[in-house]
Amino acid sequence: MTETMHSPPPPGTELDDLGLPVPLARPVRRVVSLVPSLTEAVAVSAPGLIVGATAWCTHPAELETERIGGTKNPDTPRIAAMRPDLVIANEEENRAPDLDALRAAGIPVWVTRVQTLDQAFASLDRLLTLACGLDRPAWLDEAVAAWSPGPGAVSSPVAGAALPPRTAIVPIWRRPWMVLGRDTFAGDLLARLGVANLYAHHAERYPAVPLETLRAAGADLVVLPDEPYAFAAHDGPEAFPGLPAALVSGRHLTWYGPSLVRAREVLAGQLTGAGWRGATRSAQ
């Protein structure tokens, strides 16, 4: 949540992560989610509460709900016509004009801000308990425990030993090449696994960097998630000849929700196991 001081909200409202007052119905019965990870968080915690979600909301796999467009182009008139008790969004994934249009239509909108794992845990708790009026789910406590410091906190589930310190570049797109920069949730997760983001101090959060610059940056490895760009063994590692490449689950690296229960185990295994691949072909 933002550290800016705010006055107490009026009765019947709560402050979202941006410090904006959100009028909340009680009980909340109809939620539209514009963020895949938040869709999963709410749907797993309270099946049936999600009545609308984006086309990118793929989890839980059994979710059956009305689809209302994408994260960047939601059908706001359609959402308003659904009269949800609450729309949940994220400052990074969703566009301010879309959220303003929903507010103008009288729809309460709760916006999350997540740049670190600790922020994710706090934000999820507030979203589920304050905004949605639910009990704190057991999976959230399990996720906190999975990432808690202690013996083996950054251990590989494959080798059982601490991950060796590495400095990585983490592309999220190609054509043009874009990488993780400063203040990113994914970068924080990697740091907790012993992988330092080479561009963690860049002025931009997701800078576009020419491929030749990336190749010459001096990284120990390249980490290639399968979302938002679907990097794969045949699409990505070849752009970095001679540099080890770790192919990792984008959902476990970038989603904050029930996936965090297993994210540390999954990512550590991919970083130390089959994810290490040498590139042999030149980039296209």
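## Salt bridges in the model

A salt bridge here is a side-chain nitrogen of Lys or Arg within 4 Å of a carboxyl oxygen of Asp or Glu. The model is predicted. Under this criterion, it contains 16 salt bridges.

## Arg 136 and Asp 125

One of these salt bridges pairs Arg 136 with Asp 125, at an N to O distance of 2.8 Å. The two residues are eleven positions apart and belong to distant parts of the chain: Asp 125 lies in helix H4, while Arg 136 sits in the loop between H4 and helix H5 (138–146).

Arg 136 has a relative accessibility of 35% and counts as partly exposed. Asp 125 is also partly exposed, its relative accessible area being 23%.

## Asp 235 and Arg 174

Asp 235 and Arg 174 form another salt bridge, with 2.7 Å between the closest N and O atoms. This pair spans 61 residues and connects two loops: Asp 235 is in the one between strand S12 (221–225) and strand S13 (245–248), and Arg 174 is in the one between strand S9 (171–173) and strand S10 (178–179). Asp 235 and Arg 174 are both buried.

## Asp 118, Asp 188 and Arg 192

Through salt bridges with shared partners, Asp 118, Asp 188 and Arg 192 form one network. Within it, the closest N and O atoms of Asp 118 and Arg 192 are 3.6 Å apart.

Arg 192 has a relative accessible area of 26%, so it is classed as partly exposed.

Methods. Residues are numbered from 1 along each chain as its sequence is written. This is a predicted model: local features need pLDDT of at least 70, side-chain atom pairs count only at pLDDT 80 or more; totals for chains, interfaces and linings use all residues. Side-chain values use heavy atoms; hydrogens and water are left out. Buried means under 20% relative accessible area, exposed over 50%, partly exposed in between (1.4 Å probe, protein chains only). Helices (H or I, at least four residues) and strands (E, at least two) are DSSP runs, numbered from the N terminus.
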